[in-house]
Amino acid sequence: MTAPTRLARPRVEVPGSVDEAVRRLAELGPDGAALAGGTWLMRSPAPPATFVALHRIAELRGVAAGTWGALTTHAELAAAPLPPALRALRTAARTSAFPQVRNVATLGGNLNARGFAEADLVPALLALDATVEVATTAGRHRIGVEGYLRSAHGDSADPAALLVSAGASAPAGRRSGYARLTVRGGGEYALVSVAISADLDGAGVASAVRVAVGSVEARARRCPEAEAALAGTTLDEAAARAAGQAAAAVLTPRDDLLAPGWYRLEVLPAVFARAAADCLTDPATDHDTGEAP
Amino acid sequence: MTALSEPAARAVPATGAVGRSIPRPDAEAKVRGAAVYTVDLAEAGMLHAAVLRAELSAARITRLDTSAAAGLPGVHAVVTGADAPALSGMLVVKDQTVFAIDTVRYAGEPIAAVAAETPEQAAAALAAIELELEPLDPVVDLDAAVAPDARLIHPGWADYAAPVDGFRSGNIAWDARLEKGTDEEWSAAFAAAHRVVSDEFRVPRQHQTPLEPHACVARYTTGRYTVHTSTQFPHSVRSRTAELLGIRPSAVRVLVPTVGGGFGGKLDAMLEPMACLLARRSGRPVRLVNSRAEELATAGPRENAVLRLRTAVDAEGRILAQEADVLTDNGANSSGETVICAGLPALALGSTYRIPLARYRTRVVYTNTAPTAAFRGVGGPYVVFAQESHLDHVARALGVDRRELRLRNVLRPGEAMVNGQALDDPILIEALESVERRAPWDRERPATPGKLRGKAVVPLTWLTNPGPGEASVSLSDDGTVLVTTAATEIGTGAIQTGVRQIVAERLGVHVDDVLVSTPDTDAAGFDNGAQGSRTTYGAGNAAGEAAGELREQILRTAADMLEAAETDLEIAGDVVQVAGSPGASVTLAAVSAAAMWSSGPLSATGRFVAQPPEFDAGCVIGGLFSTINATSSHAHAAEVEVDPDTGEVTVLTYVVAQDVGRAINPAMIVGQVNGAVAQGVGYALYEDLRIGPDGRVLDRNLETYRIPTALDVPPIDLEILENPLPTGPYGAKGVAEPPIVPVAAVLACAVSDAIGVTVTDLPLSPFAVLAALRANRR
Amino acid sequence: MNYRLTVNGRAAEVDVPGGTPLSDVLRDHLHLRGTKVSCGTGRCGSCTVRLGDRAVASCLLPVALAEAEPVTTVEGLSAPDGPLHPVQEAMVSCHGVQCGACTPGMVMTLSTFLDTTADPDAGQVREALTGNLCRCTGYHTIVDAALTAAAATRTPREDRP
């Protein structure tokens, strides 16, 4: 239990290309894992024997319009000039963890951290309807992030599937926002996290609403009941709270040391209201420096 | 009484060391990363130790075989309970062994320890130890533990030695009472009462969480052990290690490198006996350091407790009589200070307010959980939380203003505390007025829309540890002054600034010319440890006395050199001069040289122990603390906002008035108040070292055990009050403990005010606050 | 496996598994024990070092990822016998140091933060410090030190009062 668990440290391979990384991951199977920033894997009580480090693969880096390489860090996302449509991703990145982790932890690592219910970028990317490019031994393909997460975290996950990048579109009129709740002012896992994306018409009425809730269940997920509650509203506080209640009615919360399950449900309306407010933050008056509030 | 409203900006006197906010001289090494802590020590040939700890909280050991482990590569020693059968305990009940022998009494209890060439080999050796446990039903709940049919955690309790007589039985490790008033008076008070109010409070464990964990490096050479360790109390480590190893204390030499925090958690031997056994068996230096998970699971935290209060009051809210039944958790043995502090709850209940009649009982209870220990303020924070929340309940029941209720009951000069002891010149009213000036009680400030606003004010009497200490002061060949003491700098600045400033002031030398040795129990006499705010006070008094005697020696030698009368001489910086004619002077270096071959080297030893005050001995039954020493007066006030949607508590203002006696170094006092309030905020709002129903500590890392971050500590508006204590060095009283004691109380009362519900449990996590709000709504 | 690092401007080579935390390499192999390891899970910040221009938790950083950029530890922030870095100087003068176990991490976080935020307000400093736990000071004097260091850095040394 409390004996110092100083296990043998994994060896690290450093492939120079996506193809090489996929090949090695395929060969290693359960004895290998892709290593991005390491902030999750380095805390694993039972790491695999070999890490396949991705940091020398240039293709995995970089932020282009609407596309982010798998090695993009949370700090880079927080500082990126994302349009209002993608604000949820930026807010999620800049309010996650704290500088030492944001500076290292990557988008790819966040999406692939197994057992990490509180991964902040996941609900944001779900709400943004992001797609990801995946490399496997059979070649490359692009799929929706929801489907990717289902396979990557499933029991029959392909150990050689390597996330290359993620992307999302940002049509004019789309807004998104994110909010997370913590016990202290920050620097800890979210007890509840909510991401909202909606297309607003000239009158501010929402359509194409997508909502994802993180931390409450074992994995973040879309919440159609909340989406229905927000569709056709102006994303005002009352509508957001009602959507939070709709979410609370269908989610099955986790009880753990970070928070009791009932609490995660009770606060959903308030966190929904904060996420909706983040959606409506006027980019012109948003003097945010990129640091969390 | 004088107020230092702007301590940092206070004019620095041209001469004199006391009262100046000098920066600490050890800070430069710390900011450079050059300070050497115990965790940084390495010796040639040093082995790495690891401890096999029990997975279960209650079990019989049916098999323990270390032979396979001992034969593994790199393993030099394996030790178990068979190697250390002696019983020990922190000052009182001797109920602890180094390792579990036959019976496991808490999860995390050491079963065996190994020393190997590398940490990996040590971990492999632990895994190779063959251990079989037969589970027993753990006794975890305090009320269940004292029930008549409870399984006894120490069936042989009656055979344990206890050098102090007291009341113990079964799972009650200690039973302390304070009873004031006859049965007739008691009955009459309750009969005459306008109201009788009852409450029950529950508080969790709080972990000290120093950033440097417990750590030590031990060596064994020809019958003696040399231990470098991260401790607040080297002589405690010396005597407890010796008792646990069955050897005499002088066979253990304890040295203390830079200490990375203590807060009460490093007063006792913990890893040292195991490292010593391994060092002896292996013939090599042995390093043993707790992981953070081991710290949380096994390094004794502030005890959890249940407090039941019942108070009879008159129509104006004056307390007529008060009953308290307190259960505090000793954990599985008495290796911490929980037993010795059994008398403290009664004194904390009855040292701030007038309690005419009292029936106070504190039972320290054995459970199958990790032993508890001291944490800054010991029982104070939860006793004051309970008392103040209870008094708010009284005020609400009577419709009396909460501040007014306190003014009606607070002790005034000339009045006695519940134990019959007179307070040392109390200034509780002045302290309340100080916070009133800065945060007027009747100031109505509208809440943020959607939020609930609450406020509270709490007065407090607190103490200074009276314990003994010795210090030597000598004049070096270059005219500098060396203080040799086992008193330990744990980060507060008490040694690095406080003791040095006192010595410099007494001698008249530059504070930069006063050096202090690092603690070494072979080089310095006894010191009672960095506890109970005593270092500047106790070690400062001892060093100050020695400095006074050294001053006389210096002047005597200089008088011969200058052919002047001693009474005409003064020490000014690095010279001794004839007062009024600075031309006639000799350097301290010259004085040192002159003395060397005439009188011999100049040095003196000072000593101090506080004299026990008079009190009503008839009222204290079984208390190990019957009085409280060198009292000081305080008031804290706070304003909070609660988010009714989430239960989040935001502390808007936090105001402190603290009686320090005399501010030796105002900046260090500010640092102690800031840090103590931060720890109090953690205790009030976040910190909860959780124990599962099976007795295991559930919080294993700093993700779930939440200590405040830089975003969580409110601005602190401090007024330092100087109300000199005649027996303190230059009037100084203990400073470090008092500011944590009322924090949970004032925040709980403010939250209760905001949400309209008496809070009965700590911490006031958003979960607890929201649950209270929801329960109230229904 | 051999890893070639640049630490505090010096080349260093260690033979360890690539998954070894940088903090262990610094402390146990390169004898740079100013970097503390207080929690080992990346939460307390006392192991903070600079990798290139980023503050990172060295207990979570596999040494294999530290080859590409120079590493700066607290020992490299100023010459051992030279003047203190402005952050170090302000931590001393503002009484931002008590037990000192968090101090190296605090100093590394703040010096990195001030490189990109020359004129921060107290709120930004607190946010920058969220990953660094201190149990002694209550943080206020550390925030003071950061603001003092920022002001000193903006003002050339000869222009200071």
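Two residues are in contact if their C-beta atoms, placed from the backbone, lie within 7 Å. On this basis, 42 residues of chain B are in contact with 40 residues of chain C. The model is predicted: local features need pLDDT of at least 70, side-chain atom pairs count only at pLDDT 80 or more, and totals for chains, interfaces and linings use all residues. Residues are numbered from 1 along each chain as its sequence is written, while chains are lettered from A and ligands numbered from 1 in the order in which they are written.

Confidence was examined for chain A. The pLDDT is the predictor's confidence in each residue, from 0 to 100. Its mean over chain A is 94, and 94% of the residues of chain A reach 70 or more. Residues 1–5 of chain A have a pLDDT below 50; this stretch has 21 contacts in the model beyond near neighbours in sequence. Residues 289–293 of chain A also stay under 50. For residues 289–293, the model has ten contacts beyond four places in sequence.

The interface of chain B with chain C joins 42 residues of chain B to 40 of chain C. On the chain B side, two or more residues each come from helix 1 (27–31) and helix 16 (666–686). Helices (H or I, at least four residues) and strands (E, at least two) are DSSP runs, numbered from the N terminus. Helix 16 of chain B gives the most to this side, with six residues. By class, the side of chain B that touches chain C has 20 nonpolar, 14 polar and eight charged residues. Here Ala, Val, Leu, Ile, Met, Phe, Trp, Tyr, Cys and Pro count as nonpolar, Asp, Glu, Lys and Arg as charged, and the others, Gly among them, as polar.

Chain B also meets chain A. In this interface, 23 residues of chain A are in contact with 33 residues of chain B. Helix 10 (261–266) and helix 11 (268–279) of chain A each supply at least two residues of the chain A side. That side has 15 nonpolar, four polar and four charged residues.

Chain B is divided into domain 1 (7–35 + 467–608), domain 2 (38–136 + 214–289) and domain 3 (305–465 + 614–777). Domain bounds come from an automatic or database domain assignment. The C-alpha centres of domain 2 and domain 3 of chain B lie 36 Å apart. Their contact takes 19 residues from domain 2 and 20 residues from domain 3 of chain B. On the domain 2 side, the residues divide into nine nonpolar, six polar and four charged.

A helix pair in chain B was also described. The axes of helix 6 (residues 234–245) and helix 7 (residues 272–282) of chain B come within 9 Å and cross at roughly 55 degrees. The contact is made by B:Val237, B:Thr241, B:Leu244 and B:Leu245 of helix 6 and B:Glu272, B:Pro273 and B:Cys276 of helix 7. By class, this contact has five nonpolar, one polar and one charged residues.

Chain C is assigned domain 1 (2–76) and domain 2 (86–159). The centres of these domains of chain C, taken over C-alpha atoms, are separated by 21 Å. The contact takes 15 residues from domain 1 and twelve residues from domain 2 of chain C. Strand 3 (48–51) and strand 4 (54–57) of chain C give two or more residues to the domain 1 side. Strand 3 of chain C provides the largest share, three residues. The domain 1 side divides into five nonpolar, six polar and four charged residues.

Terms used:
Axes fitted to C-alpha atoms, helices over the stretch in contact; angles between N-to-C directions.
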